[in-house]
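Dear colleague,

Please find below the structure that I am handing over to you. My notes on it follow directly after.

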Amino acid sequence: MEIKVAPSMLSADFRYLADQVRAVEDAGADFIHLDVMDGHFVPNITFGPMVVNAIRQVTDLPLDVHLMITDPDRYLKAFSSAGANFITVHAEACTHLHRTITRIKELGVQPGVALNPATPLDNIKYVLSDLNLVLLMTVNPGFARQEFIRGVIPKIRKLRELISEVGFECFVEVDGGINPETARLVGQAGADVLVAGSAVFGAPNLAEAIHSIRYNAKRAQLV
């Protein structure tokens, strides 16, 4: 598997947002991860489609939009129009998950579904073949700089097995507490897209931080 690193702009310096996006792109980022929070589904508020569109203007990297919001169906078109390449919704927030996934596809965007640490894989078992991405939260969502929850590792491994059994391509993304050390754990378990916030933006050298995360995850796959 090719490992991709998706810096989370939640940890960027928003005074210089365009510069920060360009900096991680130049440093070797594969995706730009955008955490959209509404203060209801999670206890924090971040930004909406206008910021996503502003970021779209300064990078050609895929925009990985993670909707941590209640009733995401109301905003799918807005985020699609803003330039999202992936729209990931939380299974916990969708009453009719298959309908939501279908709508994302109709908008010409690649659909993803996110699961909180305590949410079982059974919640997406019957829609798995309709997805381009599954995001497993390795922290409880809502804030940056949280400690990685090691109990999610078996779930990552099981998800990779399910995808292999079905025989289709789907990214296994992880988000929360990812750094060069935890990259080894999730890489070995089968994750191939690693979202990293403070481990990238808090590092003295962005390129070295991204390289270390990617290298450690890739090396762990070979063990």
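E173 is buried (under 20% relative accessible area, with over 50% called exposed and anything in between partly exposed, using a 1.4 Å probe and protein chains only), yet this residue has no salt bridge. A salt bridge is a side-chain nitrogen of Lys or Arg within 4 Å of a carboxyl oxygen of Asp or Glu. The nearest side chain of opposite charge, K4, is 11 Å away; Lys and Arg count as positive, Asp and Glu as negative, while His and the chain ends are not counted.

Please note that this is a predicted model, in which local features need pLDDT of at least 70 and side-chain atom pairs count only at pLDDT 80 or more, whereas totals for chains, interfaces and linings use all residues. Residues are numbered from 1 along each chain as its sequence is written, and side-chain values use heavy atoms, leaving out hydrogens and water.

E173 belongs to strand β7; strands (E, at least two residues) and helices (H or I, at least four) are DSSP runs numbered from the N terminus. Leaving aside residues up to four places away in sequence, E173 touches several others, including H33, D64 and V193 (contact means heavy atoms within 4.5 Å).

Strand β7 is also one of the elements against which the buried residues of helix α6 pack. Those buried residues are T182, A183, L185, V186, G187 and A189. Just after α6, G190 takes a positive phi of about 120°.

Finally, the structure holds 0 disulfides, a disulfide being a pair of cysteine sulfur atoms within 2.5 Å. The sulfur of C94 is too far for a bond because the closest cysteine sulfur, in C170, is 16 Å away.

Yours sincerely
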